Amino acid sequence: MTDFVAITPELFLLTMACVVLIVDAFLPEAYRAVTYQLALMTLVITGGLTVALYPAEPQVVFHGAAVVDGMGSVLKAFIAGIAFFAFTYSKDYLRERNVFKGEYYVLGLFAVLGMMIMVSAHSLLTIYLGLELLSLCLYAMVAMHRDSADASEAAMKYFVLGALASGMLLYGISMIYGGTGTVDLGEIAAVVASGDIVDDTVLVFGLVFLVVGLAFKLGAVPFHMWLPDVYHGAPTAVTLFIGSAPKMAAFAMVMRVLVDGLEGLQADWQAMLVILSILSMAVGNVIAIAQTNLKRMFAYSTIAHVGFLILGVLSGTEAGYAASMFYAIVYAIMSLGGFGMIVLLSRGGFEADRLEDFKGLNERSPWFAFIMMVFLFSMAGVPPFVGFWAKWSVLREVVAADMVWLAVVAVVFSIIGAFYYLRVVKLMYFDKPEDASPITAGGDLQAAVSINGLAVLGLGLFPGALLTLCVAALAAS
Amino acid sequence: MDMFDIYLAIPLAPLVGALIAGLLGKAIGRAGAHWVTIIGVALSTVLSFVVYNHHVLEGADAFNGNVYTWAVSDGIAFQVGFLVDQLTATMMVVVTFVSLMVHIYTIGYMHDDPGYQRFFSYISLFTFAMLMLVMANNFLQLFFGWEAVGLVSYLLIGFWYERDSAIYANMKAFLVNRAGDFGFLLGIAAVLMYFGTLDYAEVFARAPELVGTTMEVIPGAEWSLFSVICILLFIGAMGKSAQWPLHVWLPDSMEGPTPISALIHAATMVTAGIFMVSRMSPLFELSETALSFVLIIGAITAFFMGLLGLVQNDIKRVVAYSTLSQLGYMAVGLGASAYAASMFHLGTHAFFKALLFLGAGAVIIAMHHEQDMRRMGGLRKYMPITYVTSLIGSLALIGFPGFSGFFSKDGIIEAVHHSELWGADIAYLAVLSGVFITALYSFRMFFMTFHGEERMDEHTREHLHEAPWVVTVPLILLAIPSVIIGWLWAEPMLFGDYFGEAIFVAPEHDTLARLGEGYHGLVAFMLHGIMAPPFWLAALGVFTAWFLYMKRTDLPAKIVARVRPLHTILVEKYGHDRFNDWFFGGGTRGLGGLLWRVGDLALIDGLVVNGSAKVVAWFSGIFRRIQTGYLYTYAFAMIIGLLLLLQFAVGGS
């Protein structure tokens with residue numbers, strides 16, 4: 001029975017997703033908002049349950065299929081919270097484009113369920129299950145705006161490449177199973193640590209495929225190609241969902257596979273991650289400069305941030321993992337805000353996703369220009385915003401792991417990256433607006449984006465609590 | 001109410017006033033702005049008197065405590081704290097009282113100015129900053145106050161920012177003070193380096209241990225630590241207290257409104273350097289080199305700046321040069337280890353110089369902002385109160401027996417006479433002949449303004465009348481201490497134990513003690529003063545002024561014609577401004593231009609900034625093409641990536 005208690009949040013979410021699906025099918029068009037409110041309520045309760053069931057000790061349930069631990073619980077609570085904001089941001093956007101349907105919320109809830117399964121997986125198969133549940137939902141969400149050619153194309157690419165990556169991941173899993181005889185992460189770790197395997201070629205071979213699968217999900221170079229097209233082509237409401245919470249799930253997946261399962265092969269995966277990290281920071285930051293579309297620019301910025309996020313993991317210490325976890329959470333919050341701002345400025349027939357659309361924002365709305373500046377400065381890593389602390393904490397761990405050169409490379413690329421963030425700030429504050437129409441977004445959206453921005457500022461001024469939480473969460477897992 | 005709360009309230013009251021007047025100026029209106037700031041400053045004045053009573057009259061122990069720890073770095077705490085003793089209490093009373101008078105006076109002087117609220121906000125902010133400076137118990141806060149008063153001074157000199165001359169003047173004040181502050185900051189850094197703390201009490205307590213320490217600033221030359229520290233600190237004082245050769249900003253600062261000339265550029269801020277040296281007396285006493293340096297710089301300032309006052313025709317500039325000269329006197333007193341005498345002169349000077357400035361301001365209002373004395377004259381009958389109070393101020397300034405300036409200035413002159421430091425003889429001559437010059441320019445100004453024929457135009461004459469009560473009341477209230485404060489302070493300050501342990505004087509330097517050996521009461525001191533050379537020199541100066549500007553008004557022009565070259569040198573102010581503009585102004589601009597062209601445009605912009613930006617942009621353009629949009633390219637990239645990783649991870653083993 002305790003096994004079921006431990007996964008109450010997931011069970012509740014699954015039940016409610018089905019309830020929402022059925023309720024939505026019978027709702028008249030005029031009451032569509034009920035679906036939305038039910039979805040929000042589900043997320044709040046799921047998050048609340050996760051927090052309430054925060055475990056003192058890691059607890060492996062269902063014969064090694066899942067684990068409930070500190071890292072998982074914190075990430076799951078943040079996933080629910082971020083999804084809550086993502087749903088709030090998307091309401092007006094979907095309504096104005098006439099796609100305010102129950103599907104978005106049902107798919108979104110199932111995607112959240114997929115992420116939660118990934119986060120609490122304790123077996124390679126569970127991970128795969130969660131990943132597929134998440135991915136299938138996302139493919140459908142990208143394609144939801146059926147009339148948009150861009151969206152359909154993006155969904156197609158995402159689907160095909162995602163299938164390819166899934167195949168590789170599955171192949172890697174089969175190799176590991178072949179080498180160790182188990183898919184349970186704890187047992188894999190025990191076998192690797194026991195030293196019974198004399199020639200680990202087959203494990204490393206499998207590891208490469210696993211890393212490729214993880215890199216695809218994270219969007220690390222050279223497995224990033226889908227990311228700009230999908231971010232750009234998908235409706236902004238979907239982009240902000242894809243760009244935020246799933247990054248935390250992908251981080252958890254990396255932790256589960258590489259740290260919980262294959263920590264014994266650290267020397268091998270560390271070298272691979274170094275390469276992926278440098279390539280991601282370089283390609284992401286450099287190509288972002290050439291972009292004129294804000295969503296595309298944020299896509300490349302994501303790639304660059306992924307490079308940073310990997311830095312903490314590859315340092316191979318508990319503190320490094322905590323730094324990466326902090327980075328993943330912070331990144332999800334900032335990215336959510338950045339895309340949320342695009343949603344806020346858009347209206348029916350106008351996407352507000354070109355750089356020019358942000359010209360002179362300060363004259364149109366000083367408050368939101370300020371909030372956007374907070375997001376951009378934070379992404380660029382300017383103190384005192386929280387993005388600075390995220391970068392600072394991973395760099396500190398890289399230096400502590402005696403890889404000063406890597407920290408220097410990272411800093412150089414983040415300086416290059418500062419350019420394109422600051423360019424947007426310049427457009428907002430020093431250029432004349434091309435379009436002086438007032439901001440028409442609803443009050444709830446304005447409030448949510450403001451809270452999001454103030455959170456980035458507040459966490460930047462008082463980063464200690466969240467950092468401590470991440471360290472404590474990892475200690476309890 | 002606890003004393004601690006009182007200490008805290010004293011600087012905060014003007015700050016609150018300044019913030020309200022500055023930020024809510026439009027909302028509370030003109031009357032609101034002057035009420036809120038005057039109430040703030042009045043409160044701190046009253047409380048300052050309470051503190052004065054507590055520490056000086058009742059003789060309570062000094063208070064030394066921290067209020068707030070700003071930061072701790074490497075074990076060094078950066079504190080906000082107060083050290084309140086007799087020295088501080090005296091400064092607090094002087095600062096708040098003069099500030100209050102100036103606040104009230106401003107209501108009349110700035111009556112029609114559009115920047116009324118801004119002005120009140122600034123002067124209240126100044127009062128806050130000055131109080132933080134004098135109440136500091138550590139070097140960091142001292143530096144904060146030091147820079148904050150400098151900032152407000154900058155803002156106020158450029159108060160009428162539409163005038164080019166005001167902008168020039170405030171920039172000049174700012175730049176010259178930077179030169180001084182550079183030395184000051186180095187001095188503080190040296191203290192931190194050798195003492196490891198910024199707290200006054202700890203530094204002073206440890207100072208005797210470090211006597212004999214030397215430091216090698218230039219390789220091969222061993223300098224005494226205390227000489228280096230004290231001279232560096234005094235360079236800061238030279239900027240703030242306008243000592244030669246960093247005095248050039250003070251005359252130009254007269255571009256600001258007259259009330260701030262009185263408050264900041266005569267009574268309080270410019271004396272911060274004098275106060276600072278007195279506060280640092282335990283350090284200065286350890287270096288005779290530094291004391292001689294102070295003595296010589298002070299003597300040069302006292303004598304040569306006084307001379308310049310003789311050829312000025314702008315009424316405010318005469319008073320400004322007189323201020324420079326008097327600051328020189330104070331510095332000389334410091335150099336002779338007569339810190340108490342310098343502080344005494346600082347106090348008396350604050351009252352009578354503020355009085356003279358405000359009197360000059362009253363004349364300027366009456367003359368419709370005419371400042372040239374050649375177009376004044378005979379104002380006595382139009383402005384009787386201003387006339388009498390200005391006379392009192394002038395008599396105090398020249399050191400007429402019985403007036404406050406007499407006691408304080410005589411104290412300094414006699415102390416220098418007894419000093420045995422290197423340079424004391426020259427300094428004595430300088431301050432002695434300075435007395436004649438002081439009397440001459442003071443009464444030249446007095447006679448040209450208030451006596452003689454009326455040289456103004458008809459229109460101005462018709463409108464001449466006495467200033468309103470908000471102007472005359474401060475004049476009267478300042479005239480009272482200008483007369484009596486000498487009687488109250490002379491004996492305890494010069495010969496008594498007024499400052500207690502706040503000021504430290506090494507026995508071998510104690511010139512005031514030697515002076516005290518021949519002291520037999522105030523009346524005897526005065527009678528002795530009448531016999532002594534300073535009195536006769538002053539009398540001669542007044543007589544000369546009367547003779548040249550009242551009796552034989554044709555003579556000055558003839559004398560000028562005779563000594564044309566000398567006159568030119570004085571009018572050109574010894575060429576300091578010309579030299580600074582040419583050498584420092586022109587030189588730095590030339591150097592800057594060169595570095596800009598070669599270093600910035602060619603190297604940094606061309607090669608580093610634009611060069612690397614071009615490379616990045618080029619790469620960006622190339623890599624962008626890889627993102628073709630075709631699915632097979634993407635899949636291909638993934639496969640290539642996989643193969644490379646496989647080769648890397650498995651192929652090697």
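Student: Which residues are linked with A:Lys157 in a network of salt bridges?
Tutor: The network links A:Glu153, A:Lys157, A:Asp229 and A:Arg296. A salt bridge here is a side-chain nitrogen of Lys or Arg within 4 Å of a carboxyl oxygen of Asp or Glu. Before going on: this is a predicted model, where local features need pLDDT of at least 70, side-chain atom pairs count only at pLDDT 80 or more, and totals for chains, interfaces and linings use all residues. Residues are numbered from 1 along each chain as its sequence is written, chains are lettered from A and ligands numbered from 1 in the order in which they are written, and side-chain values use heavy atoms, with hydrogens and water left out.

Student: OK. How far apart are the closest N and O atoms of A:Lys157 and A:Asp229?
Tutor: They sit 2.7 Å apart in that salt bridge. The pair links distant parts of the chain, 72 residues apart: A:Lys157 is in helix α7 of chain A and A:Asp229 in helix α10 of chain A. Helices (H or I, at least four residues) and strands (E, at least two) are DSSP runs, numbered from the N terminus.

Student: And is A:Lys157 buried or exposed?
Tutor: Buried, with a relative accessible area of 5%. A:Asp229 is buried as well, at 9%. The cut-offs are under 20% relative accessible area for buried, over 50% for exposed and partly exposed in between (1.4 Å probe, protein chains only).

Student: How many salt bridges are there over all chains?
Tutor: The search of the whole structure finds 28. One of them joins the side chains of A:Lys91 and A:Asp444, 2.8 Å from N to O. A:Lys91 lies in helix α4 (residues 70-96) of chain A and A:Asp444 in helix α20 (residues 443-461) of chain A, so this pair ties together parts 353 residues apart in sequence. A:Lys91 is buried at 13%, while A:Asp444 is partly exposed at 32%.

Student: What about A:Glu96, which side chain does it meet in a salt bridge?
Tutor: A:Arg97, at 3.7 Å from N to O. A:Glu96 counts as partly exposed, with 38% relative accessibility, and A:Arg97 counts as buried, with 11%.

Student: Switching to confidence. Where is it lowest in chain A?
Tutor: In helix α1 (residues 2-6) of chain A, with a mean pLDDT of 87. Chain A averages 91, and 100% of its residues score at least 70. pLDDT is the predictor's confidence in each residue, from 0 to 100.

Student: Now the two chains together. What area is buried between chain A and chain B?
Tutor: About 2400 Å², with carbon and sulfur atoms giving 82% of it. Buried area means the accessible area (1.4 Å probe) that two parts lose on being put together, summed over both. On the chain A side, the elements that give two or more residues are α7 (149-180), α9 (201-218), α10 (226-233), α13 (266-289) and α14 (294-314) of chain A.

Student: How many residues of each chain are in contact there?
Tutor: 32 residues of chain A with 21 of chain B, contact meaning heavy atoms within 4.5 Å. The salt-bridge count between these chains is 0.

Student: Over to chain B. How many helices and strands does it have?
Tutor: Chain B has 27 helices and 4 strands. It runs to 653 residues, and 58% of them count as buried. Of its contacts with a separation of 6 or more, 79% are between residues 24 or more positions apart.

Student: Where does B:Glu285 lie?
Tutor: In the loop between α12 (281-284) and α13 (288-309) of chain B. B:Glu285 counts as buried, at 5% relative accessibility.

Student: Which residues is B:Glu285 in contact with?
Tutor: Leaving aside neighbours within four places in sequence, they are B:Leu291, B:Ser337, B:Tyr339, B:Phe504, B:Val505, B:Ala506 and B:His509. The B:Glu285 side chain makes a polar contact with the side chain of B:Ser337 at 2.9 Å and another with the side chain of B:Tyr339 at 2.7 Å. A polar contact is a pair of N or O atoms within 3.5 Å; within protein, one must be able to donate a hydrogen and the other to accept it, and residues adjacent in sequence count only if both atoms are side-chain atoms.
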